[in-house]
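Here is a quick walk through one protein model, written to be read with the structure open beside it.

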Amino acid sequence: MEEVLTGLPPVVASDCRVLILGSMPGAASLQAARYCAHPRNRFWPLMAALADVPAEASYGERLVALQRGGIGLWDVIGECRRAGSLDSAIVRGSERANALVPLIVSLGQLRVIAFNGATAASLFRRHVEPHLPELRRPVQRIALPSTSPAHAAMGLEALREAWSVLAPWREGSAHGGTGLRAQA
């Protein structure tokens, strides 16, 4: 049965350099009120490998580690109708975008918006891009493979390689860490 779903709040510090946007949290994430809560979602193992976010840390500690590393996390869609967790089940026309335009404009150190999956990139182009003013600084946009368990055919190593393209925007974080790093 299709439900009206409301997403999660942003996890974004004012010195964010890399903003990772998903489409809309899945059922497990919404139920737990935590990003990427499904046990087979590879986001947190990926952040452990690329951004020194301790895998064994509590959820709150992982969020703090992301922010200290200059990484922000949110979703393109803040509300929609959907049955289950799949992006393909989002009812077109029911989407209400999160307030990304004012957020992006306010982030003076933002250098890249990374989309966790093709659907997030598509939703951004449809709901946010037309309303985004020209920014005074270059902000790259990169669609990356989804970490969702629905896309489990791509293994963690391949995801790590694909997501390592974010490393140049994270090196030399304002907090002294290296943030996302390429793997040798």
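This is a predicted model: local features need pLDDT of at least 70, side-chain atom pairs count only at pLDDT 80 or more; totals for chains, interfaces and linings use all residues.

Leu100 sits in helix α4, which covers residues 100–106.

So what does Leu100 touch, once its neighbours within four places in sequence are left aside? The list is Leu19, Leu21, Trp74, Asp75, Val76, Phe124 and Val128. Take Asp75 from that list: it is 25 residues away from Leu100 along the chain, yet the two C-alpha atoms are separated by 8.8 Å.

Asp75 leads us to strand β3, residues 71–75. Is this strand enclosed or open? All the counting points one way: 5 of the 5 residues of β3 are buried, so the strand is largely enclosed by the rest of the structure. In a regular strand, side chains alternate between the two faces of the sheet. In β3, Ile71, Leu73 and Asp75 point one way, while Gly72 and Trp74 point the other way, and all are buried.

The partner here is strand β2, residues 18–22, which pairs with β3 in the parallel sense over 5 bridges. Across that pairing, Gly22 stands opposite Asp75. Two of the contacts of Leu100, Leu19 and Leu21, have numbers that fall in the β2 range of 18–22.

There is also an open sheet to look at, made of 3 strands in the order β1-β4-β5 with antiparallel pairing. Its edges are β1 (3–6) and β5 (96–97), each of which pairs on one side only. Strand β4, residues 77–82, is joined to β5 by 2 bridges, and the two run antiparallel.

The buried ones are Phe43, Trp44, Leu46, Met47, Ala49, Leu50 and Ala51. What do they pack against? Their surroundings are β2, α3 (59–68), β3, β6 (112–116) and α6 (156–163), which brings us back to the β2 and β3 pair that run parallel. Just after the helix, Asp52 takes a positive phi of about 55°.

Stepping back, the protein has 7 helices and 7 strands. Along the sequence they follow the pattern β-β-α-α-α-β-β-β-α-β-α-β-α-α. Here are some figures for the whole protein.

| Property | Value |
|---|---|
| Box filled by the C-alpha atoms, along the principal axes | roughly 45 × 40 × 25 Å |
| Residues that count as buried | 48% of 184 residues |
| Accessible surface | about 8800 Å² |
| Share of that surface from carbon and sulfur atoms | 53% |

How does the radius of gyration fit with a compact globule? For 184 residues such a globule would come out near 16 Å, and the protein has 15 Å, which agrees. The contacts reach across the sequence as well: among those between residues at least 6 apart, 73% join residues at least 24 apart. As for charge, there are 19 positive and 15 negative side chains, and the centres of the two sets lie 2 Å apart.

Conventions
Residues are numbered from 1 along each chain as its sequence is written. Side-chain values use heavy atoms; hydrogens and water are left out. Helices (H or I, at least four residues) and strands (E, at least two) are DSSP runs, numbered from the N terminus. The radius of gyration is taken over C-alpha atoms; the globule rule is 2.2 Å times the number of residues to the power 0.38. Buried means under 20% relative accessible area, exposed over 50%, partly exposed in between (1.4 Å probe, protein chains only). Contact means heavy atoms within 4.5 Å. Accessible areas come from the Shrake-Rupley method with a 1.4 Å probe; for residues, only the protein chains shown count as cover. Lys and Arg count as positive and Asp and Glu as negative; His and the chain ends are not counted. The place of a charge is taken as NZ of Lys, CZ of Arg, CG of Asp or CD of Glu. Two strands pair if DSSP finds at least two bridges between them.
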